[in-house]
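Here's a quick tour to read with the model open beside you. Have a look at it first, then come back to the text.

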Amino acid sequence: MMPETPDAPEGSGSTPSLVGRSVTVKVPATTANLGPGFDTLGLALSLYDELTVTVRPEPGATVEVIGVGAGEVPTDESNLVVKAIAYTFAAYGQPLPGLDLVARNNIPHGRGLGSSGAAIVSGIMAAKGLLEGIVDIDSNSLLALATAMEGHPDNVAPALFGGLTIAWTSDAGPQHKKLMVHRGVSPLIAVPESTMSTELARSLRPASVPHEDAIFNVSRSALLIAALIQSPELLLAATEDKLHQSYRASAMPDTESLIGELRAAGLPAVVSGAGPSILVLCSDPAQRLVAAELIGRHEGAPWQSLVLAVDFKGATVSLHPVDISA
């Protein structure tokens, strides 16, 4: 059963033909938790998946995948992006048309960079563009739809809105606050060859944590906001965590080892999302170069360093003119 979305309007009954309508969506990678902000804080990064969706007369859906996931992810209606489009159309009482999708993927899968959240946001934003002029999907509804599919808002909020986001849930549904990051903050992502199941990572969390550990994380989460928007020199202390990373370490021993090396060198390194990638929140570009050099010297399996910026736009959608001469 399709769960209700807050303030979703009823279908208009008679829907204009969408055949020939085409949209392109661009969605950033995200990194969640940022150390102490478990299931709450997220950051959008300048690494993007791009999706073009065109409505065709025939029913069903086809997906062409270029880049990450090519030959691996489904290319029919079971594709997560298609499911997100269908979910959004159904939530607004609209019949799903036939679809041709071309996905140009750059976000690594299963590495803690929000690839599933990006796929969901891509589909929802594509549906928003295709339904332009028929239904209006506001930002609150976008977040509600994405959270209903993803299960929690910490990755989908920055993917939708960009920047640094604080996400929480209330009786009115998922909520978010977007903040601008200090211009000195210089993210680096270290990506291993191995992957990590988000479900496995979550299963390793204990049912409860000591009271003093909870207080520790509350203080560090508050400090982290100040460090990211005002005082980057505090990032090493602000990224300390006792809530989740140590419990997951056994499943990602090389991640734990490299984080230890980076932090011992004074570099604010944390697990990116559920891992196994590592986020280094450097306080300036020079510190980021030091981090990249250390990662390159790390013994063991190779790691790829991605020098990225904070994305401030979030997901974008553009509607292509319909070619009436065809």
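## Before you start

You're looking at a predicted model, where local features need pLDDT of at least 70, side-chain atom pairs count only at pLDDT 80 or more, and totals for chains, interfaces and linings use all residues. Residues are numbered from 1 along each chain as its sequence is written, and side-chain values use heavy atoms, with hydrogens and water left out.

Helices (H or I, at least four residues) and strands (E, at least two) are DSSP runs, numbered from the N terminus.

## Helix H9

H9 takes in residues 253-264, 12 residues in total, and spans 16 Å from first C-alpha to last, close to the 16 Å expected at 1.5 Å a residue. That expected span is 1.5 Å times one less than the number of residues.

Its buried residues are Thr 255, Leu 258, Ile 259 and Leu 262. They sit on the same side of H9 because they cover an arc of only 105° around the axis; the arc is taken from the directions from the helix axis to the C-beta atoms. On the face turned away from that buried side, you'll find the exposed residues Pro 253 and Ala 264. (Buried means under 20% relative accessible area, exposed over 50%, partly exposed in between, with a 1.4 Å probe and protein chains only.)

Among the elements covering the buried residues of H9 are helix H10 (285-297) and strand S9 (278-282). After the helix comes Gly 266, with a positive phi near 85°.

## Strand S2

S2 (residues 41-56) is mostly covered, with 12 of its 16 residues buried. Two strands count as paired if DSSP finds at least two bridges between them.

Strand S1 (residues 22-32) runs antiparallel to S2, joined by 11 bridges, and Ser 22 has Thr 54 in S2 as its bridge partner. S4 (residues 98-105) also pairs with S2 in the antiparallel sense, over seven bridges; here Glu 50 is partnered by Arg 104 in S4.

## The largest pocket

How many residues line the largest pocket? The lining has 43, and Leu 80, Gly 110, Gly 114, Ser 115 and Ser 116 lie nearest the centre. Elements giving two or more residues to this lining include S2, S4 and helix H1 (80-91). H2 gives the most, with five residues.

Conventions
Contact = heavy atoms within 4.5 Å. 1 Å grid on protein atoms, 1.4 Å probe; cavity = no way out; pocket = protein on both sides within 12 Å on 5 of 7 lines; lining within 4 Å.
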